[in-house]
Amino acid sequence: MLSLKVGRFLYLAVNWAVLAFLLLPILIIFVFALNPTPYIEFPPVGVTLKWFDKFFASPQFMSALLLSLEVAALTTIAATVLGASAALGIARGNVPGSRLITAIMLSPLMLPAILTGLALFQTYVLMDVGRPLWGLVVGHCLVTVPYVVRTTLAVLHNFDLRLEEAARNLGASPQRTFFEVTLPLIKPGVIAGGIFAFIVSFDQFPVSLFLVSPGQETLPITLFNYLKYDLDGTIGAASVVSILLAALVVIGLDRTVGLRSYVKL
Amino acid sequence: MSRASARLGAPRLGANVMGLALLPSALFFALFFFLPIGLMAVMSFLTGNPVVMPNVVATTRHYERILDDPYYFEVMWTTVRIGLYTTVAALLLGYPLAHLMARVKSRSLHALLLMAVLMPMLTGIVVRTFAWMAILSDKGVANQILQALGFAPMQLMYNEFGIVLGLVHIYLPFMILTLTGVIGRIDERLEQAAQNLGASPLKAFCEVTLPLSVPGILAGSLLVFALAISAYVTPILMGGFQIMTLPILIYQQISANFNIGFAAALGMVLLVLSMVLVLAYNHILAAVSGQRDLA
């Protein structure tokens with residue numbers, strides 16, 4: 001009986017330790033961002049917002065943040081259109097080999113992202129196009145379209161085909177059925193995929209590594225270059241901003257379109 | 001007549017129009033994914049860039065260089081070793097939490113645990129690596145605590161230990177989610193039956209649940225290993241530019257040497273290795289979901 005209790009205690013203790021291992025490092029970032037000394041002091045000696053001032057006053061960080069937001073926005077739009085249309089084609093198109101097509105659409109998630117970046121970089125070199133912004137967006141689309149395909153397919157597989165049939169039987173044209181029945185029904189899946197696309201693009205490192213042009217880098221690349229030489233609170237503030245932005249997108253869309261009932265993560 | 005045929009034809013026409021919706025993405029993937037990967041394969045067998053150089057010929061010298069020079073073997077072995085350590089550590093840490101998540105009765109507790117696992121996944125890898133640098137650096141949190149307790153400071157990063165710890169943190173959620181899926185499919189009553197027949201909870205777990213979860217262990221391990229060997233940020237920052245892995249070597253060939261052909265050959269090695277691992281992962285998970293009713 002005693003060993004039972006000890007076993008139960010150990011089981012819970014190990015799980016608490018693993019949870020702490022997962023979450024404490026993220027907490028440390030917040031401590032570091034608010035800590036007044038340039039090197040992390042533990043326990044913290046006070047609270048300051050000066051690192052946030054420094055971050056928002058830095059032209060280098062600001063242009064990186066703006067570029068990241070721009071790339072993430074463009075990627076979200078392009079990936080949502082490409083991914084949602086692909087999912088519709090797979091689920092409703094009656095095309096042969098839909099399993100294979102699905103696997104192909106998801107394949108960029110299966111390969112090391114750094115190779116996606118390398119292969120695109122080599123292609124751009126052979127095409128002699130330099131490192132344009134659209135090239136970076138294309139790279140980000142490759143690793144975000146799969147998320148949109150996956151979430152849209154999930155909704156399409158779960159929805160009642162009789163709703164479409166009912167609309168058709170009541171005399172609606174295929175176009176009207178599509179715009180007034182199908183599209184509103186798959187909207188939650190498309191939006192959930194779009195949110196994934198935004199976050200994956202905003203935090204993207206390995207694909208960007210080869211594709212950003214020097215002097216015009218995204219936030220993760222700028223953070224990485226900064227980390228190579230410096231470890232002060234500015235980097236903590238930049239990290240907090242990027243965590244909060246990602247969280248804000250998720251919460252904001254949850255509030256506006258009510259993801260919770262649709263998205264099973 | 002024409003009306004009837006129009007009505008009969010309409011659904012099929014609709015389906016064909018929907019099939020056309022595949023075109024943009026199919027074109028996009030062909031042009032920007034499969035063509036570039038194919039070009040990478042071709043470049044790995046060429047002596048240079050055929051667009052700007054007139055006398056480019058086919059060669060296997062890039063692959064010969066990888067095989068002949070022991071330095072590259074050393075780099076591969078370091079990469080694989082770091083991948084193995086990361087996988088074993090992620091398995092040992094991830095299994096208990098995956099088991100708890102698969103067995104917890106309360107829905108809200110399950111949602112909380114899921115959020116705790118997903119939260120790190122939504123944080124960028126550069127940001128998470130920075131967190132570990134703040135903890136493990138010479139003047140970091142860990143060393144300040146050690147010193148406050150009267151111990152000598154330790155070198156916790158700029159070595160493989162630091163790299164592995166950072167990688168485990170980044171890829172642990174993938175292990176947990178894979179394992180939770182498989183453990184959740186094992187009928188809990190099997191374990192209860194073993195206990196009713198007199199086995200201790202530990203024995204019941206070791207002889208019932210653990211063997212049934214082996215596919216999850218394999219799949220999760222393959223996934224984490226494949227992710228760990230293709231990591232760039234964490235090995236370079238936590239290793240303090242001291243430790244060379246395959247992805248670091250690939251980037252160096254582009255950024256410092258601009259040797260596109262050799263980078264392509266190294267890329268092909270990583271590509272083939274990852275594809276084997278990922279195919280095995282998919283195969284195992286497909287087998288598990290196929291025999292769902294048996295377990």
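What share of residues 76-281 of chain B is helix, what share is strand, and how many Å apart are the end C-alpha atoms? The chain there is 79% helix and 0% strand, with end C-alpha atoms 21 Å apart; helices (H or I, at least four residues) and strands (E, at least two) are DSSP runs, numbered from the N terminus. The legends below walk through a predicted model, in which local features need pLDDT of at least 70, side-chain atom pairs count only at pLDDT 80 or more, and totals for chains, interfaces and linings use all residues. Residues are numbered from 1 along each chain as its sequence is written, while chains are lettered from A and ligands numbered from 1 in the order in which they are written.

**View 1. Chain B as a whole.** Chain B contains 14 helices and zero strands. Its C-alpha trace spans about 80 × 75 × 30 Å along the principal axes. The radius of gyration of chain B is 25 Å, whereas a compact globule of 295 residues would be near 19 Å; the radius is taken over C-alpha atoms, and the globule rule is 2.2 Å times the number of residues to the power 0.38. Of the 295 residues in chain B, 42% are buried. Here a residue is buried if 20 or more other C-beta atoms lie within 10 Å of its own, exposed if 12 or fewer, and partly exposed in between, with C-beta atoms placed from the backbone. Among contacts in chain B with a separation of 6 or more, 72% join residues 24 or more positions apart; two residues are in contact if their C-beta atoms, placed from the backbone, lie within 7 Å.

View 2. An unreviewed UniProt entry places "domain: ABC transmembrane type-1" at residues 76-281 of chain B. The annotation "transmembrane region", also from an unreviewed UniProt entry, covers several spans of chain B, including 112-135 and 161-183. UniProt positions follow the numbering used here, feature names are shortened, and annotations may be inferred rather than shown by experiment. Residues 112-135 of chain B are 88% helix and 0% strand, with end C-alpha atoms 25 Å apart. For residues 161-183 of chain B, the values are 100% helix, 0% strand and 30 Å between the end C-alpha atoms.

**View 3. The two domains of chain A.** The domain assignment gives domain 1 (1-48) and domain 2 (52-257) of chain A, with bounds from an automatic or database domain assignment. Their C-alpha centres lie 32 Å apart. Six residues from domain 1 of chain A and six residues from domain 2 of chain A make the contact. On the domain 1 side, five residues are nonpolar, one is polar and none is charged. In this count Ala, Val, Leu, Ile, Met, Phe, Trp, Tyr, Cys and Pro are nonpolar, Asp, Glu, Lys and Arg are charged, and the others, Gly among them, are polar.

**View 4. Where chain A meets chain B.** The contact takes 66 residues from chain A and 70 residues from chain B. Helix 1 (residues 2-34) of chain A gives the most to the chain A side, with 15 residues. By class, that side of chain A has 53 nonpolar, ten polar and three charged residues.

**View 5. Ser85(A) beside chain B.** Look for Ser85(A) in helix 3 (residues 59-92) of chain A. Ser85(A) counts as buried because 20 other C-beta atoms lie within 10 Å. Leaving out residues up to four places away in sequence, Ser85(A) touches Ala21(B), Pro24(B) and Ser25(B).

**View 6. The largest nonpolar core.** This core has 158 residues, and those with the most contacts inside it include Leu118(A), Leu227(A), Met133(B) and Tyr171(B). A nonpolar core is a set of buried Ala, Val, Leu, Ile, Met, Phe, Trp, Tyr and Cys residues joined through C-beta atoms within 7 Å. Helix 14 (residues 260-290) of chain B supplies the largest share of the core, 15 residues. Leu227(A) touches Ile235(A), Phe130(B), Met133(B) and Leu237(B), not counting residues up to four places away in sequence.

**View 7. Two loop residues with positive phi.** Most residues other than glycine have a negative phi. Tyr158(B), not a glycine, has a positive phi of about 60° and sits in the loop between helix 7 (141-148) and helix 8 (160-183) of chain B. Tyr158(B) is partly exposed because it has 18 C-beta neighbours inside 10 Å. Phe258(B), also not a glycine, has a positive phi of about 50° and lies in the loop between helix 13 (246-255) and helix 14 of chain B. Phe258(B) is exposed, with 11 other C-beta atoms within 10 Å.
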